[in-house]
Amino acid sequence: MQTEVIRIMRHGGPEVMEMSVQDVPEPGEGEVTIEQKAIGLNFIDIYFRTGLYRHPLPHGLGFEAAGKVVAVGPGVTHVKAGDRVAYAQSPLGAYAGVRTMPAWQVVKLPRGVDFESAAAMMLKGLTVQYLFRQTYRLQGGETILFHAAAGGVGLIACQWARALGVRLIGTVSGPEKAELARRHGAWEVIDYSREDVAARVLELTDGRKVPVVYDGVGKSTWLTSLDCLQPRGLMVSFGNASGPVDGVNLGILAAKGSLYVTRPTISDYTPTQEKLAAAAKDLFSLVGKGSIRMEIGQRFALRDVGRAHEALASRQTIGATVLLPD
Ligand SMILES: NC(=O)c1ccc[n+]([C@@H]2O[C@H](COP(=O)([O-])OP(=O)(O)OC[C@H]3O[C@@H](n4cnc5c(N)ncnc54)[C@H](OP(=O)(O)O)[C@@H]3O)[C@@H](O)[C@H]2O)c1
């Protein structure tokens with residue numbers, strides 16, 4: 001069997017992504033072959049394309065997709081041919097029509113979750129799962145700050161916070177994104193392209209500030225995020241949409257109130273099939289109850305992946321984006 005695949009030979013702009021036709025390997029021991037119906041676009045795909053995150057070249061791109069199992073290798077028992085499945089954290093190479101990959105990373109989709117929603121929710125939804133339920137376990141009643149609240153991860157975070165009874169203050173650029181975040185459950189929204197975020201957080205919390213900031217924006221929000229934290233609060237720096245945070249003098253954590261910082265990745269929170277299944281069950285349960293609905297703001301043909309990357313990198317997307325193979 002052959003399939004279309006997107007690969008890069010070198011790092012660079014969207015133009016380095018090339019489509020080619022490749023053989024699909026037969027599934028070996030512990031592997032599964034999936035005919036993919038939708039692929040999730042994530043900011044991390046941009047980091048690998050530009051070389052901010054490194055992997056030996058040439059390589060494929062993408063971590064997240066949903067589709068139908070067409071074959072399983074020896075030793076695979078939890079899925080079979082014909083099953084509807086999705087995954088959040090595969091080896092690089094989700095940008096493909098058909099692919100063979102480790103079966104333990106694949107979960108069965110509940111009835112009622114369509115392929116596009118699944119491709120949009122796995123990596124982003126499991127990220128919110130670990131951020132809210134593991135990194136800093138929210139109990140309900142807290143007020144928190146979450147940056148880029150109208151993005152793919154952000155709109156899931158707004159809905160998850162509402163379901164937990166947490167007041168999420170979201171930051172966004174522009175009134176349209178503010179309205180979208182509010183509609184998805186953000187308690188308050190700050191337009192960080194024109195407002196003073198730290199002053200607004202102080203005002204909204206009656207001077208108390210917040211116990212945790214979830215920051216996927218990185219470089220441009222780092223200092224502001226620290227200023228929004230209560231003494232001994234936790235800064236969760238989980239992404240670099242505006243560039244990586246570097247050159248940090250640890251003394252700043254003392255100066256701003258004995259703060260804690262973590263820089264988590266999803267792979268360390270879903271290292272085994274059991275942990276992945278438990279996190280996915282948590283996500284699917286909220287989706288099943290209707291507490292979380294996927295907002296797919298953009299759809300692109302897989303062959304137009306360059307345009308999709310441009311839109312995501314230039315802040316033109318809202319919610320999640322999926323790529324559709326031919
Ligand atoms: N560590 C992990 O395990 C993990 C897992 C998944 C995602 N992430 C991170 O979570 C973040 C969100 O991911 P996503 O895929 O859902 O992306 P996204 O939020 O849909 O897109 C990124 C958003 O960041 C905001 N942004 C602020 N400054 C920006 C800049 N200079 N350039 C581009 N965007 C900027 C934009 O929203 P505004 O226009 O509203 O500012 C933009 O829409 C990313 O940093 C990603 O790497 C981390």
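**Notes on the predicted model**

1. D196 caps helix α5 at its N-terminal end, where one of the side-chain oxygens of D196 is placed 3.3 Å from the backbone nitrogen of A198. The model is a predicted one, and the distances and angles in these points are therefore computed from predicted coordinates.

2. Helix α5 spans residues 197–204, and within this helix V197, R200, V201 and L204 are buried. Viewed down the axis of α5, these buried residues fall within an arc of 100°, so they line one face of the helix. An α-helix has 3.6 residues a turn, so residues three or four places apart point the same way. The partners against which the buried residues of α5 pack are the strands β9 (143–146), β10, β11 and β12 (210–215), together with the helix α6 (222–227).

3. After α5 comes D206, a residue with a positive phi, and it is located in the loop that lies between α5 and β12.

4. Just after α4, G185 adopts a positive phi of about 120°.

5. Two packed helices are described by the angle between their axes and the distance between the axes. For helix α2 (residues 115–135) and helix α9 (residues 273–288), the axes come within 9 Å and cross at roughly 100°, which means that α2 is roughly perpendicular to α9. On the α2 side the residues involved are M121, M122, G125, L126, Q129 and R133, and they meet L276, A279, A280, D282, L283, F284 and V287 of α9. Sorted by class, this contact of α2 with α9 has 9 nonpolar, 2 polar and 2 charged residues.

6. Helix α1 (residues 43–50) and helix α10 (residues 305–313) have axes 10 Å apart and pack at an angle of about 110°, so that α1 is roughly perpendicular to α10. In this pair, F43, D45, I46 and R49 of α1 meet H309, L312 and A313 of α10. The class count for the contact of α1 with α10 is 4 nonpolar, 1 polar and 2 charged residues.

7. S117 belongs to helix α2, and because its relative accessibility is 14%, S117 counts as buried. Apart from neighbours within four places in sequence, S117 is in contact with M294 and I296. The C-alpha atoms of S117 and I39 are 9.8 Å apart in space, while the two residues are 78 residues apart in sequence.

8. Q298 is part of strand β15, residues 296–301, and at a relative accessibility of 13% Q298 counts as buried. The side chain of Q298 reaches the backbone oxygen of A320 at a distance of 3.3 Å. When neighbours within four places in sequence are set aside, the contacts of Q298 are with Q316, T317, I318, G319, A320, T321 and V322.

9. Two further backbone features deserve a look. The peptide bond from L57 to P58 is cis, with omega near -10°, and P58 has its place in the loop between α1 and β4 (59–60). S258, although it is not a glycine, has a positive phi of about 50°; S258 is found in the loop between α7 (251–255) and β14 (260–262), and at 48% relative accessibility it counts as partly exposed.

Notes
Residues numbered from 1 in each chain as written. Predicted model: local features only at pLDDT ≥ 70, side-chain atom pairs only at ≥ 80, totals over all residues. Heavy atoms only, no water. Helix = DSSP H or I, 4+ residues; strand = E, 2+ residues; numbered from the N terminus. Axes fitted to C-alpha atoms, helices over the stretch in contact; angles between N-to-C directions. Parallel < 35°, antiparallel > 145°, perpendicular 65-115°, else oblique. Contact = heavy atoms within 4.5 Å. Nonpolar A, V, L, I, M, F, W, Y, C, P; charged D, E, K, R; others polar. Buried < 20%, exposed > 50% of the residue type's maximum accessible area, 1.4 Å probe, protein only. Arc of directions from axis to C-beta. Polar contact = N/O pair within 3.5 Å; in protein donor to acceptor, adjacent residues only side chain to side chain.
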